[in-house]
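Have the sequence and the 3D view at hand as you read.

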Amino acid sequence: MKWKRAAPTRWELGFDLPRDAQCIGLGEHCSSRLNLRGRSWTMFATDDPNHLESMDAMYKSIPFLILSRGRKSIGLFLDSPGRQKWNLDEELCERGSVELLSRRGWRLFILGPAPVPKLVEAFSELTGRAALPPLWSLGHQQSRWSYPNEKSVMKIAAEFRRRKIPCDTIVLDIDYMDGYRVFTHSKKHFPRFRKMIGELGRRNFRVVTIVDPGVKQDPKYRVFEEGRKAGHFCTTAKGRLFIDRVWPGKAAFPDFLRPEVRTWWGEKHAFYLQNGVAGIWNDMNEPAMFDHMKVLPRNTNQLPPDSRQLFLQQTAEGRVGHFEVRNLYGFSMSRATHEGLARLRPNQRPFILTRSAYAGIQRYAAVWLGDNMSWFEHLRNSVPMLLNMSLSGVPFCGVDIGGFGADCYPELLLRWYAAGIFYPFFRNHCAMGWRSQEPWAFGPRVERHCRNFIETRYRLLPYIQSLFWEHHRTGAPLMRPMVWHFPEDEIAARLDDQFFFGRDILVAPILERARTQRNVYLPRGVWHPWSGGKPLVGGKFHTVEIGHGDVPAFVRDGAILPLADVVQSTADLPRAPVTFTCFGSSARGVYFEDDGRSFDYEHGQYNEWQFAYQRGRLTARALHHGVERSGRKWGLARSGFKERVRYLPPTIFSSSK
Ligand code: GLC
């Protein structure tokens, strides 16, 4: 690794890129390939809804690159929130470089050589791990920009229950607010806000509300006046309030780098909690500014003087031009939200979703990858993009199922749900003006298949909880590239249209229109098709038929999956029988359980079981037995679930009901 200060505000770092190294990780980039090698990528928080091949910068910046080479992989973490351009051997001469715009310097962490899982473990030790999310947030979330009023929200919720399609969360986009003023609700369209949320709660729905950083400039609006008087908003070099346009029109932007601003912002969330809101969605937090869509010209190779960086932000070391710390804006906003919720509702796991992020965001929020389109290309991209996000330390990630912009259509929705049940964050969301894409939007046949997919997600929830527990302990993400489990397998290492969901499920979705077949590479071992049929022998490609209603997954022989009976919302999950499903004649698996709500697991209040299946006998051993109390709802109270264990032959759930 070599570096130099090429200009007062520009650093250049160079490194060798061995021919056989794949470049993976590096946060969020619009790419149909996992391997980012062969071009350059910019990290500078940008709201650009055109997710095309030519796209350079996106919303998030996670400057952690893995040079993947089996057991000799290397991790590079260039810690700096300034603009970074990574050139990954664009010149095809086995060199990589980074151009960083900063006056203040950087820190570089080099990890390895080691296998990829070890690097991610070390990186997550450095930047933190996600705590266990609230169980409800792992269920199905239904969103729309926007359900315009109470009636439409209640109707959507009623449809889910009437049609028996599981769902936990209704997400309210910007129109729940009074003129897009954050920390308010519209008296006209949501006059009974609290009551409505209460009624939804009685039907086991949680509500997540969007909260953007831009505070409407309006002297009659308390939040704006409070923030202005206290000096909480970002100001220009001349000391004037910085104003730009976002959804509410002219708005001011809190300086989330300052602890007192974060505290203030966090406290404001009492408004949501008093109204019964369960989780917060932080959007537009690059921050997006309609008068400055392109914040820095692409070819700029020096930081402009502070006075020409739109506004300044306050750090412990003094005032800094915004561009130099821009990549921390969304991160700090989510931090403020997370810390606020944790203070206001102690011992309840917060759920926060964010669009912009920096390394370490997993400590505060889940992420989704912004404004994709209802295109098969974007379904295809979601696999490598989420894998790279996962490798960048962020386990709780997803993309808008069905696609955000453009009209979705039946085949696309089906294929998207089939893949999406394996996204850690599982939300259907759609932009204004486009065709509705709720699971029943395209008639009974599509609805039946979507129901089956969503039910499969709910069956998998005990497995998913165990995976989050694994992440918490080791940093392992839920979505893993093939190389994660088969570092020596050179074919597996190059595949990015299939992935592992935890150790035991290999997902190979259909990612193209008008296809019912695909090739799937099964690594060595024996694999059980989820939708039934003979076990397949690995170590080679198989051409498999994947019908519109089929779950595109293969279970590793030797696995035991804890699968719950279907429930309509996670509120009923603690009472649902769990079936320990053994794949193969000898198998093992783990099962984690806790209350799904609190942080008591940090004080040992959980059970972790190891199951083994051999010669027709299933045995369970407690690795940790922290729940003595036989609470009605969980733990051993499931009156010795051992008795309820059902032994099933290797392939079990048929997708056609
Ligand atoms: C942004 C978000 C999108 C949201 C919209 C309106 O485009 O990315 O998800 O629906 O703003 O709030």
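What follows is a short tour of the cores, the aromatic pairs and the charges over rings.

Please keep in mind that this is a predicted model.

The largest nonpolar core holds 171 residues, and the members touching the most others are Trp265, Phe422, Phe501 and Ile505. Helix 9 (residues 376-391) supplies the largest share of this core, with eight residues.

Leaving aside residues up to four places away in sequence, Phe422 touches Arg457, Leu460, Met479, Phe499, Phe501, Ile505, Val507, Val551 and Ala553.

Now to the rings. The count comes to 48 aromatic pairs, and two of them are set out here:

| Pair | Geometry | Centre to centre | Angle between planes |
|---|---|---|---|
| Trp281 and Trp368 | edge-to-face | 5.6 Å | 80° |
| Phe599 and Tyr601 | tilted | 6.2 Å | 40° |

Trp281 belongs to strand 17 (residues 279-282) and Trp368 to strand 22 (residues 366-368), so their pairing ties together parts 87 residues apart in sequence. Trp281 counts as buried, at 2% relative accessibility, and so does Trp368, at 1%. Phe599 and Tyr601 are both buried as well.

One aromatic cluster is formed by Tyr176, Phe183, Phe190, Phe193, Phe224, Phe233, Phe256, Trp264, Trp265, Phe271, Tyr272 and Tyr329. Trp265 is also among the core members that touch the most others.

Finally, the charges over rings. Arg161 places its charged end over the ring of Phe205, 3.8 Å from the centre, while Arg181 lies over the face of Tyr221, 5.9 Å from the ring centre.

Definitions and conventions: Residues are numbered from 1 along each chain as its sequence is written. This is a predicted model: local features need pLDDT of at least 70, side-chain atom pairs count only at pLDDT 80 or more; totals for chains, interfaces and linings use all residues. Side-chain values use heavy atoms; hydrogens and water are left out. A nonpolar core is a set of buried Ala, Val, Leu, Ile, Met, Phe, Trp, Tyr and Cys residues joined through side-chain atoms within 4.5 Å. Buried means under 20% relative accessible area, exposed over 50%, partly exposed in between (1.4 Å probe, protein chains only). Helices (H or I, at least four residues) and strands (E, at least two) are DSSP runs, numbered from the N terminus. Contact means heavy atoms within 4.5 Å. Rings of Phe, Tyr and Trp (its six-membered ring) pair if their centres lie within 6.5 Å; planes under 30 degrees apart count as stacked, over 60 as edge-to-face and the rest as tilted. A charge sits over a ring if NZ of Lys or CZ of Arg is within 6 Å of the ring centre and within 35 degrees of the ring normal.
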